[in-house]
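Please read the points below with the sequence and the model side by side. They take the elements in turn and keep to what can be checked against the coordinates.

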Amino acid sequence: MPQHYPLTAVVGAEPHQMGDMALALTLSTISPSIGGVLIRGEKGTAKSTVVRALASVLPHIDVVAGDRFSTDPHDAGATSPDGPFGADHDVETRPVRLVELPVGATEDRVLGSLHLEKALSDGVTEYEPGLLARAHRGILYVDEVNLLHDHLVDLLLDAAAMGRSTVERDGISVEHAARFVLVGTMNPEEGELRPQLLDRFGLTVEVAASRDPASRVEVVRRRIAYETDPEGFAARFADSEAQLTDRIAAAQKLVEQVELSDWALLKIAEVCAAFEVDGMRADIVTARTAAAHAAWNGRTDVLREDVRAAALLALPHRRRRNPFDAPGIDEDLLDAILGDDEPPPPTPDDPTDDDDDDDGDDQADAPSQGAEGDEAQDASPPDDGETTPGDSSADQRDSSADQRDSSADQGGSSAGGETTVAAPQQPYRPKMFTVSGLGAGESGRRSRAITETGRRIGAARRVDQGGSIHLTETIRAAAPHQAGRQRRGKGLAFDASDLRIAIKEGHESNLILFCVDASGSMAARRRMEQVKTAILSLLMDAYQRRDKVGLITFRGDSADLALPPTGSIDIAAARLSELPAGGRTPLAEGLLKTADVLRLERVRDPRRRPLLVVITDGRATHGERAVQRAHQVAAHLGASGLASLVIDCETGKFRMGLAQELAHHLLAEYVPLGEVSADAITDVVRGSTSGLVGDGVRGAA
């Protein structure tokens with residue numbers, strides 16, 4: 001069996017060399033009640049390597065021999081569905097398990113379920129443990145946790161927080177211990193976790209590859225040495241691995257003796273309140289992490305450095321208010337809140353205070369740093385729409401902006417050379433647009449589809465496609481054949497042809513492909529602000545519904561794929577904010593680029609149905625017969641059955657209605673820009689105020 005890659009070969013042999021990732025993982029193994037670790041980072045940053053190496057340095061554990069639930073024989077209060085065990089039961093010692101949860105795992109595989117073979121063949125009701133039972137007292141590792149279904153992530157986090165798993169299904173009622181270290185890794189470029197799920201992870205760390213050439217050379221050198229001689233390479237780090245194991249074992253014993261003083265709890269509360277985190281989970285996790293950090297450093301009292309280290313790991317991801325906020329924490333503000341004082345000495349009647357003169361300058365600076373931090377949080381640029389009485393300059397700006405909007409509407413077909421960049425405003429709740437019909441894509445929250453979760457609507461003989469077994473229909477299929485199969489005993493005689501898979505209807509995620517007009521007719525500040533705000537709102541909606549998004553822009557004489565289809569909504573928002581506007585309007589080129597992108601995506605992800613969102617005023621000014629060419633391409637896309645939506649950006653009293661005509665050729669739903677919001681006064685009624693509407697999209701408030 002090949003040797004694992006040593007942990008100390010990645011993070012260093014000395015404790016002070018540990019980065020945030022290794023420290024967070026170590027603290028979670030010292031105190032599993034912290035609630036697990038989420039590791040975010042780009043590809044190739046040793047996320048999986050470190051997690052797998054961690055299991056090998058953890059101290060071995062004693063378990064009851066033959067018990068499927070890894071019961072601790074030294075815990076008098078421990079129970080197991082396989083118990084009770086006698087006083088003379090055998091004990092075996094084994095390494096800590098690293099249980100890997102695949103992204104495509106089902107709820108039955110995670111929680112456990114009825115042992116189907118014994119139930120059908122022998123008539124015996126027996127519980128078959130799932131991955132949570134196997135991971136008890138070990139590590140449960142989920143690679144690409146952001147791609148796991150939300151309900152499974154929630155289920156894992158519930159078990160990690162409670163330390164137990166309860167199964168009530170298929171006539172089974174089982175409860176068993178499930179205390180494990182939950183570790184999830186993810187690449188943010190492939191999509192984010194919802195903030196509600198982020199908050200359930202105890203600690204979060206960001207990792208990135210080193211930019212230091214010498215460090216990169218050493219990484220390559222060690223990897224080549226490991227692949228050449230795994231056993232010899234592991235032997236080089238055997239001593240440091242053993243030392244790390246001993247230190248973790250000592251910290252696991254010491255953590256129960258760590259005391260959280262009133263000073264430490266007050267500092268933790270001050271930090272969490274200052275950073276405006278929601279709820280009390282942040283305070284609890286920070287306290288547990290600070291205690292584990294103290295034990296890791298061989299102490300039973302929590303110091304300032306413990307609180308600081310805990311806050312840096314437990315708070316950054318809890319400060320996000322929406323998916324476009326980057327996780328992080330202001331370390332200067334954290335230091336200002338903590339100050340430089342340490343906990344009071346254990347003998348309060350001692351008149352001497354040796355720490356008064358230490359770092360006096362820093363203490364004097366702390367209040368001013370805190371004030372600056374508060375001012376930095378409160379300071380924000382005034383909203384463009386806000387004015388104060390007597391603010392004539394603001395009135396003039398609004399007047400000039402209206403004039404620019406008017407001139408842009410009238411002269412939008414000119415070949416303006418200037419480009420402008422407008423910033424989006426606060427997003428709003430948009431109407432929900434769905435793809436008509438019944439799909440079969442990945443589980444999400446947008447369009448109706450046949451999925452692995454949802455309400456059961458039937459059964460089918462589709463064993464090769466996986467899914468949960470429809471027990472009633474399976475028995476019904478087997479019943480007529482019992483005489484011919486010479487049934488014996490209490491069980492039924494089954495054949496593979498009897499198996500029926502439950503068909504469930506739920507919701508799928510879609511590909512939302514934006515095709516955005518960035519030409520001169522859109523360059524007026526207020527119009528582009530409205531357009532970007534509408535797109536940002538739809539991006540927020542796509543994030544919540546687990547969609548993939550892509551962004552195509554067209555201006556001048558060409559169209560560009562500004563963002564290939566991705567699950568990372570925050571990257572899409574960043575590209576949107578930088579989007580310039582100006583030049584002619586190559587509408588046909590934009591639609592042709594759309595067709596190319598969709599053709600490629602059908603090959604890459606054939607199950608995911610697309611929804612095209614064209615945002616334009618309908619003008620086309622590039623090339624000969626520009627409008628006719630655009631309508632011909634639109635008609636071709638519409639004939640393909642593509643679900644699409646045209647958002648009309650045209651404003652002003654005199655409108656040409658070109659976007660509505662484009663929607664007619666595209667067989668798309670037509671929605672004016674002002675009616676994208678779910679709270680719009682005028683509701684969009686399909687087939688009436690919406691104009692000509694195709695059959696591919698359904699819009700609802």
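1. Helix 3 lies across strand 1, strand 4, strand 7 (139–143), strand 10 and strand 11, and its direction makes an angle of about 165° with strand 7. Here contact means heavy atoms within 4.5 Å, while axes are lines fitted to C-alpha atoms, for helices over the stretch in contact, with angles running from 0 to 180 degrees between N-to-C directions. Helices (H or I, at least four residues) and strands (E, at least two) are DSSP runs, numbered from the N terminus.

2. On the basis of the note: this is a predicted model, in which local features need pLDDT of at least 70 and side-chain atom pairs count only at pLDDT 80 or more, whereas totals for chains, interfaces and linings use all residues. Residues are numbered from 1 along each chain as its sequence is written, and side-chain values use heavy atoms, with hydrogens and water left out.

3. For the protein as a whole, the secondary structure comes to 23 helices and 24 strands. Of its 701 residues, 47% count as buried, where buried means under 20% relative accessible area, exposed over 50% and partly exposed in between (1.4 Å probe, protein chains only). Among contacts with a separation of 6 or more, 78% are between residues 24 or more positions apart.

4. Returning to helix 3 (residues 47–57), 8 of its 11 residues are buried, so this helix is largely enclosed by the rest of the structure. The buried residues are Lys47, Ser48, Val50, Val51, Ala53, Leu54, Ala55 and Val57.

5. The strands that helix 3 lies across can be compared with an open sheet of 5 strands, which has the order 4-7-10-1-11 and parallel pairing; two strands pair if DSSP finds at least two bridges between them. Strand 4 (98–100) and strand 11 (203–207) stand at the edges with a single partner strand each, so one side of each has no neighbour in the sheet. From one strand to the next, the twist averages 20°.

6. Which residues cover the two faces of strand 10? Val181, Val183 and Thr185 lie on one side and Leu182, Gly184 and Met186 on the other, and all are buried. With 6 of its 6 residues buried, strand 10 is therefore largely enclosed by the rest of the structure.

7. Strand 10 (residues 181–186) runs parallel to strand 1 (residues 37–41), to which it is joined by 4 bridges. Leu38 stands opposite Gly184, and the bridge partner of Arg40 is Met186. Strand 7 and strand 10 also run parallel and are joined by 5 bridges, with Asp143 standing opposite Thr185.

8. Ala209 is found in the loop between strand 11 and helix 9 (213–228), and because its relative accessibility is 26%, Ala209 counts as partly exposed. Leaving aside neighbours within four places in sequence, Ala209 is in contact with Glu42, Thr45 and Arg216.

9. The axes of helix 2 (residues 20–30) and helix 13 (residues 281–296) come within 9 Å and cross at roughly 95°. Helix 2 and helix 13 are therefore roughly perpendicular to each other, on a scale where angles under 35 degrees count as roughly parallel, over 145 as roughly antiparallel, 65 to 115 as roughly perpendicular and the rest as oblique. Leu23, Thr26, Leu27 and Ile30 in helix 2 meet Thr289, Ala292, His293 and Trp296 in helix 13. These residues divide into 5 nonpolar, 3 polar and no charged, with Ala, Val, Leu, Ile, Met, Phe, Trp, Tyr, Cys and Pro counted as nonpolar, Asp, Glu, Lys and Arg as charged, and the others, Gly among them, as polar.

10. Another open sheet has 3 strands in the order 14-16-15, with antiparallel pairing. Its edge strands are strand 14 (443–451) and strand 15 (455–460), each of which pairs on one side only, and the twist averages 35° from one strand to the next. Strand 14 pairs with strand 16 (residues 501–508) over 6 bridges in the antiparallel sense, and Gly506 in strand 16 is the bridge partner of Ala449.
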